[in-house]
Amino acid sequence: MSSLSILACGVHKSFGTGAQRTHILKSAGLGIAAGEIVFLAGPSGSGKTTLLSILGCLLTPDEGGLHVLGHDVGALNHAQRTAFRCQYLGFIFQTFNLFPTLSALDNIALSLVMRGLSAPQANARSLALLEQLGLQQRVHLRPAQLSTGECQRVAVARALANEPAILLADEPTASLDGENGQLVLQLLTDLVRQRGMTLVVVTHDHRIFPFADRIVHLENGRLIRASKPGDLANLSTPKEQRHERNGATVCG
Ligand SMILES: Nc1ncnc2c1ncn2[C@@H]1O[C@H](COP(=O)(O)OP(=O)(O)OP(=O)(O)O)[C@@H](O)[C@H]1O
Ligand SMILES: [Mg+2]
């Protein structure tokens with residue numbers, strides 16, 4: 001258990017009521033090892049964002065257990081869950097969610113000041129991160145003055161700034177062209193590996209699959225393991241053969 005960052009077992013999630021009820025996740029299970037980079041793939045509407053939101057403690061499953069960093073998330077109340085998320089989890093979204101009136105530097109520094117750092121500390125850490133992401137010439141520009149690829153790099157810097165143990169990204173390359181998508185993923189995965197963070201990425205983008213340690217495919221509300229990029233042919237093997245006994249497991 002201790003080598004696992006995330007362990008989800010028997011997760012059910014449905015939306016709607018009565019005849020309109022749709023079961024999105026059906027006994028989905030997944031174990032993610034500490035430091036692992038896992039991509040969640042699957043058709044549109046298959047529940048990838050729903051699952052990521054559950055793993056990120058933003059959404060509560062109807063049934064099933066979720067342990068994150070050894071904590072039983074189901075046992076936390078709303079306030080405890082929020083505090084847990086702020087302390088240990090970081091998020092990157094497709095549309096960046098940057099403050100439009102703040103510079104790149106201030107977008108990052110603000111999130112650190114809100115977490116208790118002094119302004120000089122927050123500025124120094126933000127600047128260092130922007131430099132690591134190749135944005136040292138862009139620190140004083142606002143989002144509208146940055147390219148989409150640069151905006152996503154600022155969002156990556158902001159998500160990394162608090163040094164979360166786990167980073168969750170929903171379609172982080174969807175707004176980027178192929179070249180910028182590769183660049184952002186290269187920078188993101190390099191920084192995540194340097195820091196020993198766990199990274200979970202929802203993506204449709206096959207071009208970034210090589211950055212994953214493991215790709216997990218969402219199919220009919222369940223998770224099916226594909227060991228490595230290019231290994232999606234494994235998805236047609238019997239379910240029992242796909243289960244693993246080590247820390248990084250699909251336990252649907
Ligand atoms: N709050 C909600 N209320 C009702 N239905 C919802 C809600 N959230 C998601 N759904 C439905 O659940 C299904 C899965 O949605 P989800 O956003 O998780 O899919 P996805 O795999 O991320 O799709 P995409 O690749 O298009 O982003 C969709 O049919 C969606 O309409
Ligand atoms: Mg989605």
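How many helices and strands does the chain have? The chain has seven helices and 10 strands. The model is a predicted one. The legends below go from the whole chain to single residues.

**Figure 1. Overview of the chain in the predicted model.** The chain holds 252 residues, and 49% of them count as buried. Seven helices and 10 strands make up its secondary structure elements. Contacts between residues at least 6 apart in sequence were sorted by separation: 69% of them join residues at least 24 apart.

**Figure 2. Helix α4 crosses helix α5.** Helix α4 spans residues 119-132, and helix α5 spans residues 148-161. Their axes come within 9 Å. The crossing angle is roughly 135°. The crossing is right-handed.

**Figure 3. Residues at the contact of α4 with α5.** From α4 come R125, L129 and L130. From α5 come V154, A157, L160 and A161. By class, this contact has six nonpolar residues and one charged residue. It has no polar residues.

**Figure 4. The largest nonpolar core.** This core has 44 residues. F39, L130, V154, L160, L167 and V192 have the most contacts inside it. Three strands, β3 (37-41), β7 (166-170) and β8 (198-202), each supply at least two of its residues. So do the helices α3 (104-113), α4, α5 and α6 (178-195). The largest share is that of α5, with eight residues. L130, V154 and L160 also belong to the contact of α4 with α5. In soluble globular proteins, nonpolar side chains tend to be buried together.

**Figure 5. V192 and the residues it touches.** V192 is among the residues with the most contacts inside the largest core. Leaving out residues up to four places away in sequence, V192 touches I37, L160, L167, M197 and L199. Two of these partners, L160 and L167, are likewise listed among the residues with the most contacts in that core. Another core lies apart from the largest one. It has 28 residues, including L51, L52, L66 and V216.

**Figure 6. H67 in strand β4.** Strand β4 covers residues 63-68 and includes H67. A8 and H67 stand 59 residues apart along the chain. Their C-alpha atoms are separated by 6.4 Å.

How values were computed
Residues numbered from 1 in each chain as written. Chains lettered and ligands numbered in written order. Predicted model: local features only at pLDDT ≥ 70, side-chain atom pairs only at ≥ 80, totals over all residues. Heavy atoms only, no water. Axes fitted to C-alpha atoms, helices over the stretch in contact; angles between N-to-C directions. Helix = DSSP H or I, 4+ residues; strand = E, 2+ residues; numbered from the N terminus. Left-handed = near helix turned anticlockwise from the far one by under 90°. Contact = heavy atoms within 4.5 Å. Nonpolar A, V, L, I, M, F, W, Y, C, P; charged D, E, K, R; others polar. Core = buried A, V, L, I, M, F, W, Y, C linked by side-chain atoms within 4.5 Å. Buried < 20%, exposed > 50% of the residue type's maximum accessible area, 1.4 Å probe, protein only.
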